[in-house]
Amino acid sequence: MSERTNTQESTTPLSDVEHHLTYLKLSFIIEQYAELAKQATQKAWSHVDYLARLAEGEAALRRDRATKSRIRLAHFPVIKTVEQFRWDWPTHINRLQVQNHFHLKFIQDKSNLILLGGVGLGKTHLATALGYAACLQGYSVLFTSAIDVINTLSAAKGAGRLKAELKKYTKPALLKPRHDILATSGNLS
């Protein structure tokens with residue numbers, strides 16, 4: 001019996017491999033397996049190292065797609081980040097306290113967060129930035145107005161779909177009404 005050596009070619013046709021990868025929807029691996037196989041040969045990677053690189057790339061691609069999907073489904077009117085916030089106005093804002101909320105512990109604790117202040121102080125900016133940060137951390141977010149919630153739920157109740165429609169507002173980890181009250185779905189009272 002002869003053993004197969006590393007220099008011997010595979011007996012599986014590449015079209016079969018690509019067919020299986022397409023069926024499994026492994027798009028990163030489809031695009032990169034041949035190039036990474038060359039690198040693996042040149043750098044003498046083990047089979048596990050080669051597989052690890054393929055799996056890492058596929059996982060990264062899926063995380064990126066999921067993040068983009070969460071951002072799209074959040075319905076932000078515009079993307080805002082905490083880095084874009086003007087901390088010089090208002091001058092009396094507690095920057096450390098606000099920045100601490102970006103650890104998103106209030107979501108983990110299923111607590112509510114209310115941003116209170118006058119017009120033009122940046123509450124909507126900060127609330128949107130918190131929602132965006134939550135999307136990046138893997139949380140689902142919904143940005144909507146209180147009147148839209150009321151109208152949607154009223155119409156759903158009349159059509160006998162209230163329970164199903166309520167899921168739209170209780171499912172996200174973070175619900176951001178346009179009145180700058182952030183609520184987690186664990187405690188919407």
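The model is predicted, so local features need pLDDT of at least 70 and side-chain atom pairs count only at pLDDT 80 or more, whereas totals for chains, interfaces and linings use all residues. Residues are numbered from 1 along each chain as its sequence is written, and side-chain values use heavy atoms, with hydrogens and water left out.

**Helix pair α1 and α2**

- The axes of helix α1 (residues 14–23) and helix α2 (residues 27–43) come within 8 Å and cross at roughly 150°. Helices are DSSP runs of H or I with at least four residues, numbered from the N terminus; axes are lines fitted to C-alpha atoms over the stretch in contact, with angles from 0 to 180 degrees between N-to-C directions.
- α1 and α2 are therefore roughly antiparallel, a term for angles over 145 degrees.
- The crossing of α1 and α2 is right-handed, meaning that the near helix is turned clockwise from the far one by less than a right angle.
- From α1, Leu14, Val17, Glu18, Leu21 and Thr22 meet Ile29, Ile30 and Tyr33 of α2, where contact means heavy atoms within 4.5 Å.
- By class, this contact of α1 with α2 has six nonpolar residues, one polar and one charged. Nonpolar covers Ala, Val, Leu, Ile, Met, Phe, Trp, Tyr, Cys and Pro; charged covers Asp, Glu, Lys and Arg; the others, Gly among them, are polar.

**Salt bridges**

- The count comes to six salt bridges, each defined by a side-chain nitrogen of Lys or Arg within 4 Å of a carboxyl oxygen of Asp or Glu.
- Lys105 pairs with Asp109 in a salt bridge whose closest N and O atoms are 3.0 Å apart. Relative accessible area is 49% for Lys105 and 42% for Asp109, so each counts as partly exposed (buried is under 20%, exposed over 50%, partly exposed in between; 1.4 Å probe, protein chains only).
- Glu165 forms a salt bridge with Arg161 at 3.1 Å, N to O, and another with Lys168 at 2.4 Å, N to O.
- Lys168 and Glu165 both lie in helix α8 (residues 162–170), three residues apart, about one turn of the helix.
- Through shared partners, salt bridges join Arg161, Glu165 and Lys168 into one network.
- Glu165 is buried at 10% relative accessibility, whereas Arg161 at 42% and Lys168 at 43% are partly exposed.

**Arg63**

- Arg63 belongs to helix α3 (residues 47–74) and counts as exposed at 54% relative accessibility.
- Arg63 and Gly138 are 75 residues apart in sequence, and their C-alpha atoms are 8.7 Å apart in space.

How values were computed:
Helix = DSSP H or I, 4+ residues; strand = E, 2+ residues; numbered from the N terminus. Parallel < 35°, antiparallel > 145°, perpendicular 65-115°, else oblique.
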